[in-house]
Amino acid sequence: MAFRLSPHLTVMANAAQRAGKRLLRDFAEVEQLQVSIKGPSDFVSQADLRAEQMLREDLVKARPGYAFLMEESGASGSENWTWRWIVDPLDGTTNFLHGMPHWAISIGLERRQPDGSSEIQAGLIYAPAADEMFWAEKGAGAFMNERRLRVSARREMSDAVFATGIPFAAVSTARRNAFSRTLATLMPQVAGVRRFGAAALDLAWVAHGRFDGYWELGIKPWDIAAGLLIVREAGGYVTDVGDGNPLETGNIVAGNPHLHAKLRPIVAEGIPASA
């Protein structure tokens, strides 16, 4: 990239691009990949594991003292970390394994303060098949490749398109019911609801203005760590459904400043009625 990145983002971009090249080679031969089953509709392949190992190697080499939270291998490094990488090596694995070119690498960088609080300081989401790299650093704005990003300016629900994650076989009945209730309330009010199968890219597309908002329940930290900062730096809002931290609760509502406030109560109302 010709755009001048900070040292942290340079490390993240280089690691993502190297792993992305390997994933593209695997994607071209997806039918030959050996796949094991982690659970219903939750696949892990050689591609995930290779990409995660490559990312770990590059990030450790550049910042040897930083801890990790990774989708496949979990938490590692010092328990007293100040800096931690939160990594999803292949968000949208099911898309990948079905030959759909909508998947991404997500890297978030979290900093913990002496009081124990923490915050994402930098985030990067790379979609190799589209060669789109979304990135942000706290206080410095959000970008796709070299283009500055702003969330959409739509104000009316009737003009809005929202993204979400549709619960699948392994999801609890309570969460499936919560989703159904939210969707039933939302559908008559909006221009569309989309489920593209990659949470990191859903958030990146909110930052880009392609989506006006996004919600999902029970999402993992590595799926949203980078995206929540990118949306905020693009002028959007990202919150928990209630008053918690979405990285801790796994419940997330994102949107532009006008529509986030309209989407959040609809999602919240679905939860207690379906619990």
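Which residues is L201 in contact with, leaving aside its neighbours within four places in sequence? Select L201 in this predicted model; its contacts are D91, H102, W103, A104, I125, A127 and F134.

In soluble globular proteins, nonpolar side chains tend to be buried together. The largest such core here has 39 residues, and L201 is among those with the most contacts inside it, together with I125, F134 and Y214. Colour the elements that give two or more residues to this core: β7 (118-127), β8 (132-137), β9 (142-144), β11 (161-164), α5 (199-208), α6 (221-233) and β15 (252-255). A second, separate core has 35 residues, including L9, V87, Y126 and M133.

Now turn to the sheet. Strands of a sheet pair through backbone hydrogen bonds, either parallel or antiparallel. Select the open sheet of 8 strands, and follow the order β4-β3-β5-β6-β7-β8-β9-β10, in which the pairing is mixed. The edge strands, β4 (74-76) and β10 (147-148), each pair on one side only. Within the sheet, β6 (104-112) runs antiparallel to β7, and 8 bridges join the two strands. To find one of these pairs, select I107, whose bridge partner in β7 is L124.

Helix α5 lies across β5 (83-91), β6, β7, β8, β9 and β10, at about 75 degrees to β8. Helix α6 lies across β3 (67-70), β5, β6, β7, β8 and β9, at about 95 degrees to β7.

Finally, select α2 (46-62), a helix of 17 residues. At its start, a side-chain oxygen of S45 reaches to within 3.1 Å of the backbone nitrogen of A47. The buried residues of α2 include A47, A51, L55 and L59.

Note on methods
Residues are numbered from 1 along each chain as its sequence is written. This is a predicted model: local features need pLDDT of at least 70, side-chain atom pairs count only at pLDDT 80 or more; totals for chains, interfaces and linings use all residues. Side-chain values use heavy atoms; hydrogens and water are left out. A nonpolar core is a set of buried Ala, Val, Leu, Ile, Met, Phe, Trp, Tyr and Cys residues joined through side-chain atoms within 4.5 Å. Buried means under 20% relative accessible area, exposed over 50%, partly exposed in between (1.4 Å probe, protein chains only). Helices (H or I, at least four residues) and strands (E, at least two) are DSSP runs, numbered from the N terminus. Contact means heavy atoms within 4.5 Å. The expected span of a helix is 1.5 Å times one less than its number of residues. A polar contact is a pair of N or O atoms within 3.5 Å; within protein, one must be able to donate a hydrogen and the other to accept it, and residues adjacent in sequence count only if both atoms are side-chain atoms. Two strands pair if DSSP finds at least two bridges between them. Axes are lines fitted to C-alpha atoms, for helices over the stretch in contact, and angles run from 0 to 180 degrees between N-to-C directions.
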